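Please look over the sequence and the 3D structure shown here. A short briefing on them comes after.

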Amino acid sequence: MKLNTKYFGEVSVDECESLLFVVPIYGFEHIDCYIILSDSSVPDSPFCWLQAVEHEDVCFVLTQPEVVCAGFCPTLSQEDRAVLGLAPDEEPVYRLITILPDDVTKATVNLKSPIAIHPAAKRAAQIILDADYPVRAPLVREEEGTC
Amino acid sequence: MLILTRKVGQTICLGDNISITVMEVTGDKVRIGIEAPREVRVLREELVRTVDSNRQAAGGANTDALRAAASMLGTFHKGPNMQNTPAFPGKSIETGGGSSNK
């Protein structure tokens, strides 16, 4: 199908690649279907885009959590695991919603409320973790810290 | 900040219509019951901050800034975790160089 994107014009995508958000992105409860776009010209990029399928103007930047938090592996509640359809031995893939101003040194990622994705089931959810992570963690730090 | 000490089952009243009761304390968790008029929004603070953060994040990203950030971070943490799992969904696109979109 043809997908109208916020940044890249019309992109041809396979409908089966779309992600169903079983818990919405908070503040965007009217949207439950997104597709992940990654930039093939930047191999190994820690970023990708999360483009809303039916809302061209809604597109998030997502960051791999390992960039700011090595070994990021939060504990999900049983309810969260159930809505994602995770088997007991499965863990989701996490991506962090990123605020990216023109000055990239001011960019932040939301570690408190990551996007959890069950790739095989194509289900995703924004999970507010109990653990004490920051909502706005700096993406770029002077020195590598622990989270 | 006003700080009060309450026991389980005890209540604090805010104005005439809102009451907050300590229901249960387990370890470092406190269950709180809130009674308030329907028109009063009651939200966990981290949810409010996440909504604010999400709205700001959706406001717009400069694709050049993203590319700059990718190259800035490119040398970090190139461990196995940095690779997408093969089953990771989505579409890989050629975004081209130098196009800046707001």
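The points below cover the interface, the strands, one leucine and the salt bridges.

This is a predicted model, in which local features need pLDDT of at least 70, side-chain atom pairs count only at pLDDT 80 or more, and totals for chains, interfaces and linings use all residues. Residues are numbered from 1 along each chain as its sequence is written, chains are lettered from A and ligands numbered from 1 in the order in which they are written, and side-chain values use heavy atoms, with hydrogens and water left out.

**Interface between chain A and chain B**

- The contact (heavy atoms within 4.5 Å) takes in 53 residues of chain A and 45 residues of chain B.
- The size of an interface is often given as the accessible area lost when the parts come together.
- Here the two chains bury about 4700 Å² between them, and 62% of that is on carbon and sulfur atoms; buried area is the accessible area (1.4 Å probe) that two parts lose on being put together, summed over both.
- Five residue pairs, both at pLDDT 80 or more, are in polar contact between chain B and chain A. A polar contact is a pair of N or O atoms within 3.5 Å; within protein, one must be able to donate a hydrogen and the other to accept it, and residues adjacent in sequence count only if both atoms are side-chain atoms.
- On the side of chain B that touches chain A, helix H1 (45–58), helix H2 (63–73) and strand E4 (91–93) each supply at least two residues. Helices (H or I, at least four residues) and strands (E, at least two) are DSSP runs, numbered from the N terminus.
- H1(B) gives the largest share of that side, 12 residues.
- By class, that side of chain B has 17 nonpolar, 17 polar and 11 charged residues. Ala, Val, Leu, Ile, Met, Phe, Trp, Tyr, Cys and Pro count as nonpolar, Asp, Glu, Lys and Arg as charged, and the others, Gly among them, as polar.

**Strands around E4(A)**

- Strand E4 (residues 33–39) of chain A pairs with E4(B) in the parallel sense over three bridges; two strands pair if DSSP finds at least two bridges between them.
- In this pairing, Leu37(A) stands opposite Lys91(B), and Asp39(A) has Ile93(B) as its bridge partner.
- Within chain A, strand E3 (residues 19–23) runs antiparallel to E4(A) and is joined to it by two bridges, with Leu20(A) partnering Cys33(A).
- Strand E5 (residues 47–52) of chain A also pairs with E4(A), in the antiparallel sense over four bridges, and Tyr34(A) stands opposite Ala52(A).
- Five of the seven residues of E4(A) are buried, so the strand is largely enclosed by the rest of the structure. Buried means under 20% relative accessible area, exposed over 50%, and partly exposed in between (1.4 Å probe, protein chains only).

**Leu73(B)**

- Leu73(B) lies in helix H2 of chain B and is buried, with a relative accessible area of 2%.
- Not counting residues up to four places away in sequence, Leu73(B) touches Pro46(A), Phe47(A), Val67(A) and Leu139(A).

**Salt bridges**

- The structure holds six salt bridges over all chains; a salt bridge is a side-chain nitrogen of Lys or Arg within 4 Å of a carboxyl oxygen of Asp or Glu.
- One salt bridge is counted between chain B and chain A: Lys29(B) meets Asp130(A) at 3.5 Å, N to O.
- Both Lys29(B) and Asp130(A) are exposed.
- Lys106(A) and Asp103(A) form a salt bridge at 3.2 Å, N to O; Lys106(A) is exposed at 55% relative accessible area, while Asp103(A) is partly exposed at 35%.
- Glu45(B) and Arg49(B) also meet in a salt bridge (3.2 Å, N to O). These residues are four apart in helix H1 of chain B, so about one helical turn separates them.
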